[in-house]
Amino acid sequence: MAAQNVASNSSNRRHKHEGKQKHIIAFLFSIVLTLIAFVMVASAGIVNKTFTYILLLVMAVLQVIIQMAYWMHMKDKGHMLPIVFMIGGAFVAFLAIVMAVYWVWW
């Protein structure tokens, strides 16, 4: 009986649930970012296009971080290898884009 309690306590510590509050905050933040993006695109004639593009890229990066951290649980322990592979993939994709632009324009 005591061994069973120890096993259940150790599994509870490993899989600690963070609660609804953080998920609700992350969801609301994602909704706000999406609404800002829609407003920026809808006001294309009013706001400078360069500013709109930069703001959309920044908000997209924030959305990716929120999605990966809270919904895919990449902020938890034991997810370092997938994070390393995703960073490596992003680096390879960035290099491919840079090389394609360099190849086409020069």
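**View 1. Contacts of L33.** Leaving aside neighbours within four places in sequence, L33 is in contact (heavy atoms within 4.5 Å) with M59, L62, Q63 and I66. This is a predicted model, in which local features need pLDDT of at least 70 and side-chain atom pairs count only at pLDDT 80 or more, while totals for chains, interfaces and linings use all residues. Residues are numbered from 1 along each chain as its sequence is written, and side-chain values use heavy atoms, with hydrogens and water left out.

**View 2. The largest nonpolar core.** A nonpolar core is a set of buried Ala, Val, Leu, Ile, Met, Phe, Trp, Tyr and Cys residues joined through side-chain atoms within 4.5 Å. Buried means under 20% relative accessible area, exposed over 50%, and partly exposed in between (1.4 Å probe, protein chains only). The largest such core here has five residues: A26, L33, A37, M59 and I66. Helices are DSSP runs (H or I, at least four residues), numbered from the N terminus. In soluble globular proteins, nonpolar side chains tend to be buried together.

**View 3. F29 in helix 2.** Helix 2 spans residues 20–42 and includes F29. F29 counts as partly exposed because its relative accessibility is 39%. From C-alpha to C-alpha, F29 and I66 are 8.4 Å apart in space, and they are 37 residues apart in sequence.

**View 4. T52 in helix 3.** T52 belongs to helix 3, residues 49–71. With a relative accessibility of 8%, T52 counts as buried. Not counting residues up to four places away in sequence, T52 touches M40 and V47.

Conventions: Helix = DSSP H or I, 4+ residues; strand = E, 2+ residues; numbered from the N terminus.
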